[in-house]
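Dear colleague,

Please find below the structure that I am handing over to you. I would ask you to keep it open while you read the notes that follow.

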Amino acid sequence: MHADTDTLYYICSVIQHEAIWLHVLVINALCARVLLSLQVTMALIRLLTRLSGYVHLKQGLECLGASSQSKRLQQHTAAHSSSCSYQLLPDCMELSCGGLVMHFDYVWLRDHCRSASCYNSKTNQRNLDTASIDLNIRPSKSRVDENNLFLTWPDGHITRYNLTWLAQNSYEGQKRSAVQPRILWSADIYSSAKVPSASWDKFMSCDEELKNFLNNFLLYGIAFVEGVPPTLDATETATQRVSLIRSGLVIQVFHCLRHEGTGGRTLLVDGFHAADAVLQRTPENFELLSHVPIKHEYVENLSEHRNHMIGIGPVLNVYPWNNEVYMIRYNNYDRSVINTVPHDEVRRWYAAHRQLTAELRRPDNELWVKLKPGKVLFIDNWRVLHGRESFTGLRQLCGCYLTRDDVLNTARSLGLQA
């Protein structure tokens with residue numbers, strides 16, 4: 001597939017004197033395009049521990065009948081092991097594994113049966129009609145072995161649950177796990193990690209090289225490909241190795257084809273790292289920034305049409321079950337009138353916003369990179385803020401955009417958690 005001229009753009013700048021140019025893009029969840037401020041470029045997330053190895057049951061089997069009228073609590077423990085046990089409570093099942101206590105609603109358990117008649121494991125689609133489940137259902141029998149829990153339902157259907165799967169998919173487990181592993185970085189942390197760039201030849205021919213590239217992109221929010229021919233066609237080819245080129249404005253690609261002059265370094269800042277600093281030092285400010293809705297607005301007059309884009313949402317977007325940040329909106333230029341916050345909360349929001357700004361502007365959080373012909377940069381605009389210092393001379397830059405869904409799809413197809 002070839003990109004059209006609206007998607008793959010080419011920038012040629014001839015500067016006779018020193019010019020300051022800083023273009024920072026931040027994705028707005030509702031309006032798909034926002035400009036970010038000069039000194040700040042950011043995105044954010046909290047590094048959470050990943051859930052693993054909750055369950056390891058030894059040999060054992062126990063089966064206790066549970067009358068549908070009975071309100072007794074029944075505790076079940078695998079023989080010769082105290083690492084995992086469960087109770088059939090009146091309204092849910094309580095499972096204790098590896099020090100984690102989890103609760104599962106009985107309707108949820110029936111709805112998440114993974115038997116062939118209830119679930120298509122090839123497409124990850126549910127076959128069971130959820131509306132057919134009795135909302136007062138509870139199992140009539142239960143038993144456990146080394147790795148699995150078995151529940152027999154009133155109609156005789158038997159469901160087998162892998163205990164590790166239950167632990168990983170419990171609400172309590174999700175609160176302790178990260179949706180996507182990430183490494184938060186300052187300039188020193190990233191430089192010390194010596195993250196390798198992908199090699200153009202291997203990147204194009206070897207899936208393992210592509211997998212390593214995407215793994216670095218997921219961990220840090222940026223990744224590089226070295227040795228790319230400094231042409232539009234080669235840049236397009238490298239980009240399409242990751243996913244289809246679209247006008248998505250989420251994953252941005254830059255390639256400096258030519259620069260006859262000085263300056264022009266690219267500035268990169270991990271917004272998630274800055275947000276985590278706010279969370280660790282002032283949790284109440286993090287709470288404000290992740291819950292107070294703020295309006296952004298941008299008007300663009302083009303030769304053929306006029307764009308008027310509006311988006312509303314908090315500065316920090318988090319998953320509600322574990323407070324993990326997945327996107328940051330930070331754009332002081334495009335922030336519209338604040339009329340969604342009561343007056344007694346406005347001052348506190350400004351203080352929280354000021355703290356986040358200070359973290360973003362810390363010099364030790366600024367990673368400066370000189371883009372040169374052959375070096376292609378991929379940036380996650382939901383996380384990493386970017387800009388550029390002034391430059392002199394002739395500078396030619398090309399680039400394009402990828403959608404987040406397409407990139408994450410490629411990562412998953414290679415076995416990465418994304």
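Predicted model: local features only at pLDDT ≥ 70, side-chain atom pairs only at ≥ 80, totals over all residues.

Lysine 194 is found in the loop between α4 (187-193) and β13 (198-199). Its phi is near 50°, which is a positive value in a residue other than glycine.

With a relative accessibility of 22%, asparagine 323 counts as partly exposed, since buried would require a value under 20%.

**The chain as a whole**

The protein chain contains eleven helices and 24 strands. Of its 418 residues, 53% count as buried. Among the contacts in the chain with a separation of 6 or more, 73% are between residues 24 or more positions apart.

Strands of a sheet pair through backbone hydrogen bonds, and the pairing may be parallel or antiparallel. Here, three strands make up an open sheet in the order β10-β11-β12, with antiparallel pairing. Which strands stand at the edges of this sheet? They are β10 (141-144) and β12 (158-162); each has a single partner strand, so one side of each is left without a neighbour in the sheet. From one strand to the next, the twist averages 15°.

The two pairings can be followed residue by residue. β10 and β11 (residues 148-152) run antiparallel and are joined by four bridges. In this pairing, serine 142 stands opposite leucine 151 of β11. β11 and β12 are also antiparallel, and five bridges pair them. Here asparagine 148 has asparagine 162 of β12 as its bridge partner. β11 and β12 form a hairpin with five residues between them, and glycine 156 in the turn has a positive phi of about 95°.

In a regular strand the side chains alternate between the two faces of the sheet.

**A pair of helices**

Two packed helices are described by the angle between their axes and the distance between the axes. For helix α8 (residues 271-281) and helix α10 (residues 343-360), the axes come within 9 Å and cross at roughly 130°. α8 is therefore oblique to α10, because an angle over 145 degrees would be needed for roughly antiparallel and one of 65 to 115 for roughly perpendicular. The crossing of these two helices is right-handed.

Which residues of α8 and α10 make the contact? On α8 they are Gly271, Ala274, Ala275, Ala277, Val278 and Arg281, and on α10 they are Gln355, Leu356, Glu359 and Leu360. By type, the residues of this contact divide into six nonpolar, two polar and two charged.

Yours sincerely

Terms used
Residues numbered from 1 in each chain as written. Heavy atoms only, no water. Pairing = 2+ DSSP bridges. Axes fitted to C-alpha atoms, helices over the stretch in contact; angles between N-to-C directions. Parallel < 35°, antiparallel > 145°, perpendicular 65-115°, else oblique. Left-handed = near helix turned anticlockwise from the far one by under 90°. Contact = heavy atoms within 4.5 Å. Nonpolar A, V, L, I, M, F, W, Y, C, P; charged D, E, K, R; others polar. Buried < 20%, exposed > 50% of the residue type's maximum accessible area, 1.4 Å probe, protein only.
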